Amino acid sequence: QVQLVESGGGLVQPGGSLRLSCVASGNILSIYTMGWYRQAPGKERELVAAITAGMSTNYADSVKGRFTISRDNTKNMVYLQMNSLKPEDTAVYYCCADLISSSRGGRFWGQGTQVTVSS
């Protein structure tokens, strides 16, 4: 059974930084794209950043220049370094991975971690 577990969320002041981590575990055969989405209250879930197995990255315009996504393929981990945080970055952040396991392929999601940017 595949699991994605996020960590690193919390409360931070505007202008501060946080680093989110996500580890994928289980009977994983291959991981393709990994990414981070977020969902603020009353809003739809949106893509924040994604990274392919070949390390190509894609960012939402709202976070370009402030957030950096990276991954460690040897550990099945993906990270999101968030700098210069703004109140509008407040949301639940979800890790996702497009992968193939011993039982099925598809997109898997973590349970989410809260990020709150407030003074």
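I began with Arg 45 and found that its charged end sits over the ring of Tyr 94, 3.8 Å from the ring centre, where the criterion is NZ of Lys or CZ of Arg within 6 Å of the ring centre and within 35 degrees of the ring normal. Arg 45 also lies over the face of Trp 109, at 4.7 Å from the ring centre.

I noted that this is a predicted model, in which local features need pLDDT of at least 70 and side-chain atom pairs count only at pLDDT 80 or more, while totals for chains, interfaces and linings use all residues. Residues are numbered from 1 along each chain as its sequence is written, and side-chain values use heavy atoms, with hydrogens and water left out.

I then looked up aromatic pairs (ring centres of Phe, Tyr and Trp, the last by its six-membered ring, within 6.5 Å; planes under 30 degrees apart stacked, over 60 edge-to-face, the rest tilted) and found one.

For burial I used relative accessible area (buried under 20%, exposed over 50%, partly exposed in between; 1.4 Å probe, protein chains only). Tyr 37 is buried at 17%, whereas Trp 109 is partly exposed at 34%.

Last, I turned to Leu 29, which lies in strand S4 (residues 28-39) and is exposed, with a relative accessible area of 59%.

Terms used: Helices (H or I, at least four residues) and strands (E, at least two) are DSSP runs, numbered from the N terminus.
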